[in-house]
Amino acid sequence: MSPPPIAPYDLRIGVTGHRNLAAEERPRLQAAVDQALDHVERVLVEYAARPATGTPRPKLELNALPEWVAWCGERVDAVALALLRRVWPAVPRALDQVPRGQQTPFRWVVVSPLAEGADQLVAERVLQRAPTTIDPSHTPPRLDAVLPMALEKYRVDFTTAEVRDHFERLLARAATTNEADRLLPTDVEPGPRRDEAYQLAGHAVVNRCDVLVALWDGHPAGGTGGTQQIVQYAIDQGRPVIWIYARREGSPVDSRFVEDATGLPKIQFLVPAPPEPRPKWLWDRRDSILKGAECVELPRRAKDFSLGFHRLSAFHRDRAVTHRAFADGLRKMQDELGTKLVPLGRADIAPKLGATILPPLAWADLLAQHYQRLYRYSAAAIYLLALLAITIGVAQHVFHLWHELIVGEFLALLAAWGLLRVLRREKWREKFLNDRYVAEWLRRAQFLALLPGYDQLTRLGLAPRAKSGPPALYHGPETWFVDAWSRVIADVEHDLHGPGDRPLATEELLQQVMLNAWIKPQIEFHENKAERAHARAEGAERITFALFLLTLTMVLLHLVVHDESGHHVGANLVTVLAILLPAVAAALHAIERLLDHERTTHRSGQMARRLKRLATPLRTPQTPGQLNSTIRDIDAQMALEVQEWWIAGDLQQPGHPV
């Protein structure tokens with residue numbers, strides 16, 4: 001069986017820029033926008049077929065020392081990874097060439113307020129692009145319109161009837177728009193209120209896009225909501241910006257931003273600067289009007305343009321799970337789901353879910369299990385190798401063994417350091433967390449699809465959070481998978497319920513399936529998880545206490561049998577144990593902190609109790625509205641729990657053993 005169906009990625013191109021572009025510049029700006037988008041497409045198509053092989057060798061320049069250090073580090077990591085693959089077959093191998101069936105297609109989506117000038121120009125250039133060459137469905141580009149104010153107020157901002165007609169034609173082509181949003185401002189008379197509306201629309205564009213295209217002359221904004229402020233907001237939010245020099249009507253040409261060879265406006269790439277940026281300044285001026293930005297060449301790595309596309313592509317082509325293991329796992333899930341849905345009396349439900357939602361669920365679940373093992377085993381091995389190094393050094397010194405044994409200590413420390421570099425380079429922890437989050441999101445979706453008319457926010461994985469939600473300072477997982485499968489889930493719901501969101505069965509049968517097939521297994525899972533974690537935490541505590549008593553005993557014996565001559569084997573053994581036992585306890589404690597059994601015991605136990613309480617209404621008959629409300633509360637709690645789990649795991653990682 002082949003891997004799960006490939007979900008396409010919506011590459012969202014945001015746009016900001018001047019409204020009063022110089023008329024004579026428009027043909028060159030259109031060509032520059034096409035050139036930039038062509039570059040983005042080449043990079044992403046190349047990455048979908050052949051994963052990035054690393055950075056090229058830097059130039060021999062005095063200021064290229066950081067690039068040389070990074071390049072040498074990549075060579076060291078590659079050697080360490082190759083050696084690890086020889087001794088550990090579970091480490092997945094990279095693909096030199098991705099099979100056509102596993103290449104991730106992407107589709108163009110332009111996010112624009114459709115204002116006069118830059119907004120309409122970039123939107124039009126994106127909409128006129130042909131579908132990407134790796135999209136088997138040949139889906140044309142899509143427009144998402146983000147209006148800054150109510151439509152009747154917005155129309156008066158266009159200077160001519162021709163521009164207004166152009167706006168109406170583009171708006172008619174929009175796949176989605178916020179035109180019906182009741183929160184759109186209507187009190188927007190010319191002045192500060194209207195400028196604030198444009199600023200909020202610019203922020204919304206930045207928040208929704210992968211990369212922002214800015215047609216900008218490089219000068220400060222003339223007021224609130226100007227192009228410079230939107231570009232600065234994008235930099236502050238970590239969004240990359242493709243900056244194309246655009247001259248405003250009546251302003252002189254700035255020769256610094258015009259390419260002599262082509263005559264096109266200069267295309268630059270703005271990214272958030274590192275914490276200690278190199279001395280690169282925007283157009284070589286120390287008084288740059290952008291804060292925290294670095295100007296670099298257009299990148300050749302897909303993740304520099306879209307981290308979401310990078311991760312979705314890596315998910316699709318991952319080789320950590322064999323096709324046979326995937327087939328077995330999927331078949332098991334399909335059989336279990338079919339058994340759980342028997343009470344509904346609809347034989348067509350399980351096959352539809354099994355052919356759409358279950359394949360990516362099985363794939364994500366198996367990947368999460370594999371990377372969890374890789375992460376935990378490698379993290380434990382790092383501390384055990386450090387302990388081995390200490391053991392060799394102490395034993396050689398106390399027992400006066402061969403001096404060459406120090407080589408073993410050196411090799412053990414080198415192996416621990418190399419394994420840590422591989423763990424961080426291959427991002428096993430991140431893959432485990434992300435794949436598990438995807439799996440749990442899809443696991444909820446297969447049951448939520450049974451409810452007619454369920455809330456759209458919940459369907460997209462954005463269920464309402466409980467009041468005790470995670471602190472705002474901690475970001476949650478990336479939602480690169482939401483767009484990829486939300487349409488699949490929506491199509492499945494439409495097939496199951498038909499027009500009008502007809503219920504699949506009576507509320508009584510739906511309650512029975514939700515309670516017995518979904519919620520009760522989740523309660524049992526958390527109860528069993530809490531019991532296992534509690535037993536392991538207690539076991540670790542007993543071992544640590546036993547090591548403490550042994551250390552205390554060895555220290556007392558060391559006082560009694562101390563032999564200054566160094567020839568008494570028993571005294572030397574006591575000395576070695578007095579030194580090594582605390583090191584063993586420290587290594588076990590570090591491993592236990594990574595596994596975090598104590599926190600898991602509390603969190604899973606608390607989750608099981610909350611689910612029991614929230615599921616109580618399902619044991620009595622409910623109306624459709626009551627059932628929907630109860631399921632929404634349960635789903636929100638599950639979404640919150642897995643997000644808190646992701647955040648806690650993201651804050652944990654093994655450090656350098658010392």
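Two strands count as paired here if DSSP finds at least two bridges between them. With that in mind, strand β7 (residues 267-272) and β8 clearly make a pair in this predicted model: four bridges join them, and they run antiparallel. One spot to look at is V271, which stands opposite E294 in β8. Helix α7 (residues 227-236) packs on the sheet here, and it touches β1 (9-17), β5 (211-216), β6 (241-245), β7 and β8. The direction of α7 makes about 155 degrees with that of β5.

Zooming out, β7 and β8 belong to an open sheet of eight strands. Reading across it, the order is β4-β3-β2-β1-β5-β6-β7-β8, and the pairing is mixed. At the edges sit β4 (176-177) and β8 (293-296), each of which pairs on one side only. As a bit of background, strands of a sheet pair through backbone hydrogen bonds, and they can do this in either a parallel or an antiparallel way.

Now for β1, which has β2 on one side and β5 on the other in the strand order. With strand β2 (residues 106-112), β1 pairs in the parallel sense over six bridges. Y9 is part of this pairing, and its bridge partner in β2 is F106. The pairing of β1 with β5 is parallel too, this time over five bridges. There, G14 has L212 in β5 as its bridge partner. How much of β1 is covered? Mostly, it turns out: nine of its nine residues are buried. Both faces share in this, with Y9, L11, I13, V15 and G17 on one side and D10, R12, G14 and T16 on the other, all of them buried.

Stepping back to the whole chain, there are 20 helices and eight strands. The chain has 658 residues, and buried ones make up 49% of them. Take the contacts between residues at least 6 apart in sequence: 82% of these join residues at least 24 apart.

Why is L549 called partly exposed? Its relative accessible area is 39%, and the label covers values between the 20% limit for buried and the 50% limit for exposed.

Finally, two loop residues have backbone angles worth a look. H138 has a positive phi of about 50 degrees although it is not a glycine. This histidine lies in the loop between α3 (118-127) and β3 (142-145). D596 also has a positive phi, near 55 degrees, and is likewise a residue other than glycine. Its place is in the loop between α18 (569-595) and α19 (597-615). Are these two residues buried or exposed? H138 is exposed, because its relative accessible area is 55%, and exposed means over 50%. D596, on the other hand, is buried, because its relative accessible area is 6%, and buried means under 20%.

Technical notes. Residues are numbered from 1 along each chain as its sequence is written. This is a predicted model: local features need pLDDT of at least 70, side-chain atom pairs count only at pLDDT 80 or more; totals for chains, interfaces and linings use all residues. Side-chain values use heavy atoms; hydrogens and water are left out. Contact means heavy atoms within 4.5 Å. Axes are lines fitted to C-alpha atoms, for helices over the stretch in contact, and angles run from 0 to 180 degrees between N-to-C directions. Buried means under 20% relative accessible area, exposed over 50%, partly exposed in between (1.4 Å probe, protein chains only).
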